[in-house]
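Biologist: Before we discuss how the side chains pack and pair, could you put the model up beside its sequence?

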Amino acid sequence: MDREDRIRCHGLRACLCVLCGLPAAGKSTLAQAINTLAVEQAWRSTVVPYDDMIPDDAFHIKVLKDDDRQQQAQTEWKLHRQAVLQCIEQFLTKPQDLAEPPTCQINRNAWRRCTSMESGTSDNSHTDQSPLLIILDDNFYYPSMRYEVYQLARKYSLGFCQVYLHCAVESCINRNQRRSKPLPTEVILEMAKRLESPNPQKNSWEKDSITLNSTDNFSKGDIQRLMELISSAVNNPLSPVEDNLEQKEADRLKCSNSLVHQADQACRRLVSEAMKSARENKVAPECMRLLATELNESKTRFLHNLRTQFLQKLPITQEEDIDMQHLVKTAVEVFDQDIKEILLRIFMND
């Protein structure tokens, strides 16, 4: 982390609030309601709508002849999500440089709307002592997507909380059909299968989360609970974690070879199951070929990243016994999510 950036954010009372749920669950409506209430309380507040920030074509499958370009196209949507977080990080650390987004992967007009935040104060500078609320509006259907936001909050000692909007799938489909640009119903149904709501019992970092039923209108009690959650997050910011890198590296080297081998075997089984699922769903032959290519390239990238990056994040210490089975399961879950995302995109474009 840039030391000057950390110093610049020191003392900043801010919260990153993640809204997650199915399309048409009511996230954008709730985001605007929260934003209005925050401004009424003299907070500085803004909404970051991922749908507006990320261009539509980032989610389209592009068949390109050159292998390197094809791989780049297949991972483009993930890069756009990372670009949104880069924008938020710049917003936090370099508020004087907000005229343009730090990357061309983001819609400029949407970025300008985000930085022109509503405020109950006279200006939007970080020297203002009023709390800063950044509301992230997206599906966030995988924990890994939400964890990236948590890491950003922890990096700069900000507050962090999550709101999961639980809405009946039928209601989401009906609402979606009334939109001017509705999503295919199949996309909502597929996302409902993939969505993993916040689970504090499994992920301790998700402890500051609440679930609101959005099938009907939000009650005053719902809004009150949410504002109390946000206030608590602002007043209880996360603390950066200090790592003993040398010791961790020594411990990781003891199990890395075995871990990668076992992960490779598990990934092969997952690829086989994904191809079987596609065949059962009668995916077109040309899409099947594309799927096979994507899955194999994704497995290659995953194993490479496992060797070079993922092992660096495993919480291993010299004093604890290494549970290899647990480590393999943890690692392969990442690849399993990639497979699910690839299948979802294939089904959307079939």
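**Charged pairs and nonpolar cores**

Modeller: The side chains of Asp264 and Arg268 meet in a salt bridge, N to O at 3.2 Å, where a salt bridge is a side-chain nitrogen of Lys or Arg within 4 Å of a carboxyl oxygen of Asp or Glu. This is a predicted model, in which local features need pLDDT of at least 70 and side-chain atom pairs count only at pLDDT 80 or more, while totals for chains, interfaces and linings use all residues. Residues are numbered from 1 along each chain as its sequence is written, and side-chain values use heavy atoms, with hydrogens and water left out.

Biologist: In which helix are Asp264 and Arg268 four residues apart?

Modeller: Helices here are DSSP runs (H or I, at least four residues), numbered from the N terminus. Asp264 and Arg268 are separated by about one helical turn, because they are four residues apart within residues 245-280, which is helix H11.

Biologist: Is Asp264 buried or exposed?

Modeller: Buried means under 20% relative accessible area, exposed over 50%, and partly exposed in between, with a 1.4 Å probe and protein chains only. Arg268, at 47% relative accessibility, counts as partly exposed. Asp264 has a relative accessible area of 14%, so Asp264 is buried.

Biologist: Which helix holds Lys299, the residue that pairs with Asp264?

Modeller: Lys299 forms a salt bridge with Asp264, the closest N and O atoms being 3.6 Å apart. The pair ties together parts that are 35 residues apart in sequence, because Asp264 lies in helix H11 and Lys299 in residues 285-308, helix H12.

Biologist: How many residues does the largest nonpolar core have?

Modeller: A nonpolar core is a set of buried Ala, Val, Leu, Ile, Met, Phe, Trp, Tyr and Cys residues joined through side-chain atoms within 4.5 Å. Ile88, Val163 and Ile230 have the most contacts inside the largest core, contact meaning heavy atoms within 4.5 Å. The number of residues in this core is 68.

Notes. Helix = DSSP H or I, 4+ residues; strand = E, 2+ residues; numbered from the N terminus.
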